[in-house]
Amino acid sequence: MGPLKGIKVIDMTTVLMGPYATQMLGDYGADVIKVESLDGDVTRLIGPMRHAGMGPVFLNTNRSKRSICLDLKKPAGREAVLRLLKEADVLVYNVRPQAMARLQLGYDVVSAINPRLVYAGVFGFGQDGPYAAKPAYDDLIQGATALPALMAQTGDGVPRYVPNALVDRIVGITAVGAICASLVHRDRTGRGQRVDIPMFETMAGFVMGDHMGGLTYEPPLDKGGYARHLSRDRRPYKTSDGYLSVIVYNDKQWENFFKATGRDDLRADPKFATFAGRAASIDIVYAELARIFETRTTAEWIDLLTKADVPVMPMHDLASILHDEHLEATGFFPVVTHPTEGPIRSMKVTATWSETEAEPARLAPRLNEHGAEILREIGYSADEIAAMVRDGVTRGAPE
């Protein structure tokens, strides 16, 4: 009964960016129909897995959806998609618009049969620039928006990608906001629209929002960059027995830190005493904090800083985060039983609503699990469905 209950979404996306966005829409209550090729989304193949086609990346980005297989290069497959779109509220796709045009599923075609449709594309680049037809992947966009250069500047000088599909997920979240805004416009005016969510421009704004710095001004006041973020000592602090994540940020937190650690000498030092002084000497500040934190154990620091109201968190790894006391208390990683995969660890919907609470409608589907059901809903008879299976337009029901 989430806030998007009654909204039908046709999901023609693969890999991560689009599926992450449409999973969120499904978690929020929309009926999401995932249209897959006869081979299925490629992330089905990323292991480890218990059964073929049900890998963890797929399981964690495709819940709250129904799956149907269609060969869109065949007229009957395209016709089935058009029938779906005629009754849908949203189409989400993540191939280049040129590919949609080749499939005869461009906005001009689709909007003619359903003027109320929100036609949302998540792809590489805005369509009014020279990169319009270029392919795009997370790594490419990270590189093109300076993230590896920033990693090199703050590390050992070697450019590296962030070890996370950061671009795909940020652009996916941006797409959810754009789609929901378009639905509000549609409900006010009765008209759908095409909305493009380009990866490159989205991430350029995301990164440069922090690091534009003096480049904001014309002529520039400096070479850009947010000094605190670019300090080589901005990292988890080493304690006497591990690591810890701490940020002493505003004047009140620093005053509490001085009292808790007995560092009156730092309180009197202009490099530490004020926000402006710390900002101008951030490398010195972080280096001194690093020396201080090595003097006690992780547990001692957590206790001391928590009592002093100084922001502190554990530095987790992929195993320990599963047992974080807060996430355990909020039930963030529930173990649920998948119909074919058995017990799997899931993740809860993070947003909460006072009136329209949302939770996953179903776990990630097997390939074409709902194919016949969906085709029946849009008017296909049992004989027509059997013919589509025979002709290779769709697959039979999964075993």
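Strands β4 and β5 run parallel and are joined by four bridges. Helices (H or I, at least four residues) and strands (E, at least two) are DSSP runs, numbered from the N terminus. Two strands pair if DSSP finds at least two bridges between them. L91 has Y119 in β5 as its bridge partner.

This is a predicted model: local features need pLDDT of at least 70, side-chain atom pairs count only at pLDDT 80 or more, and totals for chains, interfaces and linings use all residues. Residues are numbered from 1 along each chain as its sequence is written, and side-chain values use heavy atoms, with hydrogens and water left out.

Four bridges join β1 (residues 8–12) to β4 (residues 90–93), and the two run parallel. V9 stands opposite V90 in β4.

Which way do the side chains of β4 point? V90 and V92 point one way, while L91 and Y93 point the other way. All are buried. Buried means under 20% relative accessible area, exposed means over 50%, and partly exposed lies in between (1.4 Å probe, protein chains only).

## The three-strand sheet

A second topic is an open sheet of three strands. The order is β7-β8-β9, and the pairing is antiparallel. The edge strands are β7 (237–238) and β9 (312–314), and each pairs on one side only. Two bridges join β7 to β8 (residues 243–246), which run antiparallel. Y237 stands opposite L244 in β8.

Helix α16 (residues 298–307) packs on this sheet and touches β8 and β9. The helix direction makes about 20 degrees with that of β8. I302 is found in helix α16. Is I302 buried or partly exposed? I302 is partly exposed, with a relative accessible area of 30%. Leaving aside neighbours within four places in sequence, I302 is in contact with L244 and V312. Contact means heavy atoms within 4.5 Å. I302 and E79 are 223 residues apart along the chain, and their C-alpha atoms are separated by 61 Å.

## Salt bridges

How many salt bridges does the structure hold? There are 23. A salt bridge is a side-chain nitrogen of Lys or Arg within 4 Å of a carboxyl oxygen of Asp or Glu. Some of them are set out here.

| Pair | N to O distance |
|---|---|
| R186 and D89 | 3.2 Å |
| D233 and R235 | 3.4 Å |
| D264 and R267 | 2.3 Å |

R186 and D89 form a salt bridge, with the closest N and O atoms 3.2 Å apart. The pair links distant parts of the chain, 97 residues apart. R186 is in helix α8 (residues 166–189), and D89 is in the loop between α3 (75–86) and β4. R186 is buried, with a relative accessible area of 2%. D89 also counts as buried, at 13% relative accessibility.

R235, the partner of D233, counts as partly exposed at 49% relative accessibility.

D264 and R267 are three residues apart in helix α12 (residues 264–267), so about one helical turn separates them. R267 counts as partly exposed, at 28% relative accessibility. Elsewhere, salt bridges that share partners join D31, R66, E373 and E377 into one network.

## A nonpolar patch

V15, V42 and L45 make a nonpolar surface patch of about 270 Å². Patches are made of residues with over 30% relative accessible area and no salt bridge: like charges are joined within 9 Å, and nonpolar side chains (Val, Leu, Ile, Met, Phe, Trp, Tyr) within 5 Å. Accessible areas come from the Shrake-Rupley method with a 1.4 Å probe; for residues, only the protein chains shown count as cover. V42 lies in the loop between β2 (31–36) and α2 (56–59). At 46% relative accessibility, V42 is partly exposed.

Note on methods: Axes are lines fitted to C-alpha atoms, for helices over the stretch in contact, and angles run from 0 to 180 degrees between N-to-C directions.
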